[in-house]
Amino acid sequence: MSADHEIDNLLHEERHFAPSSEFAQNAIAQANLYEEAASDRLGFWADQAKRLHWHKPFTKTLDWSNAPFAKWFHDGELNVSYNCLDRHVEAGNGDRVAIFFEGEPGDTREITYAELTREVKKAANVLTQMGIKAGDRVAIYLPMIPEAVIAMQAVARIGAIHSVVFGGFSADSLSSRIDDAQAKLVITADGGYRKGKASALKPAVDEALAGDKCPSVQNVLVVKRTNQDVNWVEGRDVDWNMALAEASDEHEAQAFNAEHPLFILYTSGTTGKPKGILHTSGGYLTQASYTHRNVFDLHPENDIYWCTADVGWITGHSYVAYGPLANGATQVMYEGTPETPDWGRWWSIVQKYGVTILYTAPTAIRSFMKMGSSIPAQYNLSTIRVLGSVGEPINPEAWMWYRKVIGGGKAPIVDTWWQTETGAIMVSPLPGVTTLKPGSAQVPLPGISAKILDDDGNELGRGHAGLLVLTEPWPSMLRGIWGDSERFKETYWSRFEGMYFAGDGAKWDEEGDLWLLGRVDDVMNVSGHRLSTAEIESALVSHPYVAEAAVVGAKDETTGQAVVAFVILRQSQVEAAGDADHVSKALRDHVAKEIGPIAKPRTIMVVAELPKTRSGKIMRRLLRDVAEDRPIGDVTTLADTSVMDIISGKVAAGAND
Ligand code: PRX
């Protein structure tokens, strides 16, 4: 079946699920939100912002005079950490559990808001003693343990800027991110537990800082999680546990301007160099909190919320570290992988804590589907009342399975479209309001304006596929790319005058619901993680075997897309490279070292030529046809039309998984 056919089938989805009247009655979000926001968009956002505590109230909502650099609530002052912690304790909710932590080996911790506030205050004092000041950058490279949230909150509390790097990135990736942000401090751990083993993190930090690589770093703060032996650099490394034990738990949160930077988060773009996406304080927290409350229908006194994302991604920022805490939610945090010790682990956690709201990614749902419904059926999942999906389009089959098997046939599913750059959810149903349609992210949230345009910028109506743009600024929008304002303007704001270009294809269906159709640029989406073709190609050509490389994202049943690499070997290396298996292993290991295991190609194909246009541009579309095992499309613009015959012949003979 061709991709177009699949899209057409999706758009004729006829199953509709209206909210139950019981759910609708008790729902946080009501239909009038849409009208409220439409009649006075800025007034609506100002009202949402007022749900936070402002040390100095704002009087101005938006300054867009220096577009695309927005300022939201910019004469106001607040402290992000105070909003997430102290104010709940002061309101009498100090005994409410903030985090139920479940370690992979089965160890647990229950941390109340009062305890979390104390820990963050201690950590803030430690950071200050180490010389970290407002505006300084702190890199965080930690497993999914409470210290990750404590570290982020502590950095935010003193007005410093965190840059969390996912633990699955290699030493090289870590090093370039630390260097780009000129971080003064790295917060890491000896290791964390993954797949039943202690997996080390500290050695990657040591390697990232080795020699003169990151001269900006003065200290490394090390959490002891696994107690494995680690190398210790005297004078540089500091034991987190000891430092916190000695620190005072008194710390008054200072107010910072609403536009004070909160964090940088690196994400892959269309070039080889990741972009440091910059977010600021007041607008970010406003939208993270507003969306978390309305999209997940959060009733903080009763709900047990669990977002399975790692803090190394934007979802772990907005919907683990900030949104839920700003709303005084009780959340579950799990360290390990879904299959440890077996595929029932997540469901045993849902049962144990009585999880009511679960937010995860389609790739995980498809993996569980593959393992069979009999596994979740062994657990009591009846507490679940809202399900969320994020990271890539959810196919209707997975949607139906999720609702039936995990959601007891009744939990609404919110398919949430957003990006690292948007900071918070932008398009999603509202549970209790929206009639759900499997596979569609449905409509822009109240306060958000989106359009679909053709290549020339003409607005498309229902039934036409085009490019998704956001037409009005929103509070949690990125404020720039760290150190590269030109790239910020060029990447997001140059394609269509005055509008944010998201990089996604999309279509309104006949009923006015939005369907996301995947990236339209050279960004891949593997298991909901963003990877750049250019970044992996540049890793491949840095290996001595490789003369040229082209990478494409091919459709994959479980991971959504998979990385498929086509490589031309250097003539002088053909003998050393040996057979296809050897080449494949060497190159996959090399990519893991250069970028991280998440970027390893699933398949490497050694080819003699790459399909190029007369101007030398690689025609990835044709390589995608090969990788997805389809008939090859139109080759007329190729410089040499016989190349595709050679590649497809070679692939049939030498493909390896
Ligand atoms: O292509 C879209 C896809 O993920 C991209 C953003 O990736 P990242 O910045 O890593 O953030 C992921 C988590 C927010 C988008 O450009 N994407 C994300 N959510 C969805 C989605 N595609 C379709 N449906 C979604 N719900």
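Mentor: Domain bounds come from an automatic or database domain assignment. For this protein, that assignment gives domain 1 (344-409) and domain 2 (523-648). The model is predicted, so local features need pLDDT of at least 70 and side-chain atom pairs count only at pLDDT 80 or more, whereas totals for chains, interfaces and linings use all residues. Residues are numbered from 1 along each chain as its sequence is written, and side-chain values use heavy atoms, with hydrogens and water left out.

Trainee: How many residues does the contact take from domain 1 and from domain 2?

Mentor: Contact means heavy atoms within 4.5 Å. Domain 1 supplies six residues and domain 2 seven residues. The centres of the two domains, taken over C-alpha atoms, are 34 Å apart.

Trainee: What area do domain 1 and domain 2 bury between them?

Mentor: The size of an interface is often given as the accessible area lost when the parts come together. With a 1.4 Å probe and summed over both parts, domain 1 and domain 2 bury about 540 Å², 40% of it on carbon and sulfur atoms.

Trainee: How many salt bridges are counted between domain 1 and domain 2?

Mentor: A salt bridge places a side-chain nitrogen of Lys or Arg within 4 Å of a carboxyl oxygen of Asp or Glu. Between domain 1 and domain 2 the count is zero.

Trainee: In what order do the four strands form the open sheet?

Mentor: Strands are DSSP runs (E, at least two residues), numbered from the N terminus, and two strands pair if DSSP finds at least two bridges between them. Here the order is E21-E22-E24-E25, with antiparallel pairing. Strand E21 (450-453) and strand E25 (514-519) are the edge strands, each pairing on one side only. Strand E22 (residues 465-470) and strand E24 (residues 500-508) pair over five bridges; Leu-470 has Tyr-500 in E24 as its bridge partner.

Notes
Buried area is the accessible area (1.4 Å probe) that two parts lose on being put together, summed over both.
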